[in-house]
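Have a look at this chain before reading on. The notes are meant to be read side by side with the coordinates.

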Amino acid sequence: MSADQPLVLIVEDEPDLADLYATWLRDDYRVRVAYGGREALDKLDDEVNVVLLDRRMPDLSGDEALAEIRNRGFECRVAMVTAVEPDFDIIAMGFDDYLVKPVSRESLTETVSNLILRNTYDAGVQELFSLASKKALLEAEKDVTTLEDNEEYNTLNTRLSELRKKLDETLNQLDETRGISAVYRDIGNAAGTDDN
């Protein structure tokens with residue numbers, strides 16, 4: 001496996017499950033496995049691109065590990081992979097995606113692929129994706145009345161609208177000044193490709 005391949009840290013206190021996830025991902029990514037929250041923090045460094053993090057672990061919960069990952073300033077994307085059904089507390093949490101167990105191979109690999117892609121976006125776009133994931137998750141789990149009555153959910157919607165508007169304005173400015181096609185041509189040329 002090439003050192004250029006993205007690195008995924010799997011944090012799961014059930015060894016068989018952690019090892020299964022690792023097997024699923026090893027063909028496409030470098031993989032580290034930690035069987036608890038404290039071990040995960042020991043294995044975390046700037047090389048890690050994605051963390052797959054269980055919420056319920058005996059030594060250090062996934063919520064606590066996530067808070068510490070963010071406190072330490074790591075730029076990796078984090079997906080919670082857990083049996084804990086989501087509730088409104090997820091809005092304030094610093095994760096990028098949330099998978100409820102049991103998780104299929106397809107779902108896990110697709111999530112990792114999407115999170116790797118998100119690493120290439122700027123902070124505003126990353127926040128947009130993170131909040132959109134949380135909104136979709138809550139909408140799948142809660143009824144409309146419960147959502148409408150929740151202040152945190154309404155704040156989440158407001159922030160999503162602000163980010164979308166800002167992104168639309170940026171794209172419009174780009175289109176007016178240089179044209180989107182010119183930007184793509186520049187990206188292609190910078191990557192060494194010929195756009196003809």
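Predicted model: local features only at pLDDT ≥ 70, side-chain atom pairs only at ≥ 80, totals over all residues.

Residues are numbered from 1 along each chain as its sequence is written, and side-chain values use heavy atoms, with hydrogens and water left out.

The mean pLDDT (the predictor's confidence in each residue, from 0 to 100) of the protein chain is 84, and 83% of its residues reach 70 or more. Please be careful with residues 177–196: pLDDT stays under 50 there, and the model has 10 contacts for them beyond four places in sequence. Contact here means heavy atoms within 4.5 Å.

**The sheet**

Helices (H or I, at least four residues) and strands (E, at least two) are DSSP runs, numbered from the N terminus. Two strands pair if DSSP finds at least two bridges between them. With that in hand, five strands form an open sheet in the order E2-E1-E3-E4-E5, and the pairing is parallel. Since E2 and E5 stand at the edges with a single partner strand each, one side of each is left without a neighbour in the sheet. On average, and ignoring direction, neighbouring strands of this sheet are turned by 20 degrees against each other. Helix H3 (residues 62–71) packs on the sheet and touches E3 and E4, its direction making about 180 degrees with that of E4. For such angles, axes are lines fitted to C-alpha atoms, for helices over the stretch in contact, and the values run from 0 to 180 degrees between N-to-C directions.

**Strand E1**

How many of the residues of strand E1 (residues 7–11) are buried? Five of its five are, where buried means under 20% relative accessible area, exposed over 50% and partly exposed in between (1.4 Å probe, protein chains only). In a regular strand the side chains alternate between the two faces of the sheet. In E1, both faces are covered, with Leu7, Leu9 and Val11 buried on one side and Val8 and Ile10 on the other.

Five bridges join E1 to the parallel strand E2 (residues 30–34); Val8 has Val31 as its bridge partner there, and Leu9 has Arg32. Between E1 and E2 the chain passes through helix H1 (residues 15–25), and this β-α-β crossover is right-handed: with the strands pointing away from the viewer, the path from the first strand over the helix to the second runs clockwise. Another five bridges join E1 to the parallel strand E3 (residues 48–53), where Ile10 stands opposite Leu52.

| Residue | Relative accessible area |
|---|---|
| Asp96 | 3% |
| Asp97 | 16% |
| Tyr21 | 3% |

Asp96 is found in the loop between strand E4 (77–82) and strand E5 (97–100). Its side chain makes a polar contact with that of Arg70 at 3.2 Å; such a contact is a pair of N or O atoms within 3.5 Å, and within protein one must be able to donate a hydrogen and the other to accept it, while residues adjacent in sequence count only if both atoms are side-chain atoms. Not counting residues up to four places away in sequence, Asp96 touches several residues, among them Cys76, Phe129 and Ser130.

Asp97 lies in strand E5. Leaving aside neighbours within four places in sequence, Asp97 is in contact with residues including Ala79, Met80 and Thr111.

Tyr21 belongs to helix H1. Beyond four places in sequence, Tyr21 touches Ile10, Glu12, Val81, Lys101, Val103 and Leu108.
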